[in-house]
Amino acid sequence: MTREQYLLRLSSAQFAMWEMRVYLDTHQGNKEATALYEKYRAQYEKLKAEFEEKFGALTLGEDNSDEWLQDPWPWDNQ
């Protein structure tokens, strides 16, 4: 799978997860919706782990830093 395909699938899983979360805000006791949310969350986590193994960190977190901000920017090199 290409990087773009991973990103598209991650986006889809994240969207589905978010929509289920919004639904659960008004339907807290719905076990079917809770199960769907957990399914989409697991799918997202699996895809994210695969993506990060192949292409590096998806977001800034514990395992990476903002060191790149310390590097000189192109306009700093005269």
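Colleague: How many helices and strands does the protein have?
Modeller: The protein has 2 helices and 0 strands, where helices (H or I, at least four residues) and strands (E, at least two) are DSSP runs numbered from the N terminus. This is a predicted model, in which local features need pLDDT of at least 70, side-chain atom pairs count only at pLDDT 80 or more, and totals for chains, interfaces and linings use all residues. Residues are numbered from 1 along each chain as its sequence is written, and side-chain values use heavy atoms, with hydrogens and water left out.

Colleague: OK, what span does α2 reach?
Modeller: Helix α2, residues 31–55, has 25 residues and reaches 35 Å from its first C-alpha to its last, close to the 36 Å expected, that expectation being 1.5 Å times one less than its number of residues.

Colleague: Which residues of α2 are buried?
Modeller: They are A33, Y37, Y44, L47 and F51, buried meaning under 20% relative accessible area with a 1.4 Å probe, protein chains only. What covers them includes α1, residues 3–26.

Colleague: Switching topic, how do the axes of α1 and α2 cross?
Modeller: Their axes, which are lines fitted to C-alpha atoms over the stretch in contact, come within 9 Å and cross at roughly 155°. That makes α1 roughly antiparallel to α2, a word used for angles over 145 degrees between N-to-C directions, on a range from 0 to 180.

Key: Buried means under 20% relative accessible area, exposed over 50%, partly exposed in between (1.4 Å probe, protein chains only). Contact means heavy atoms within 4.5 Å. Angles under 35 degrees count as roughly parallel, over 145 as roughly antiparallel, 65 to 115 as roughly perpendicular and the rest as oblique.
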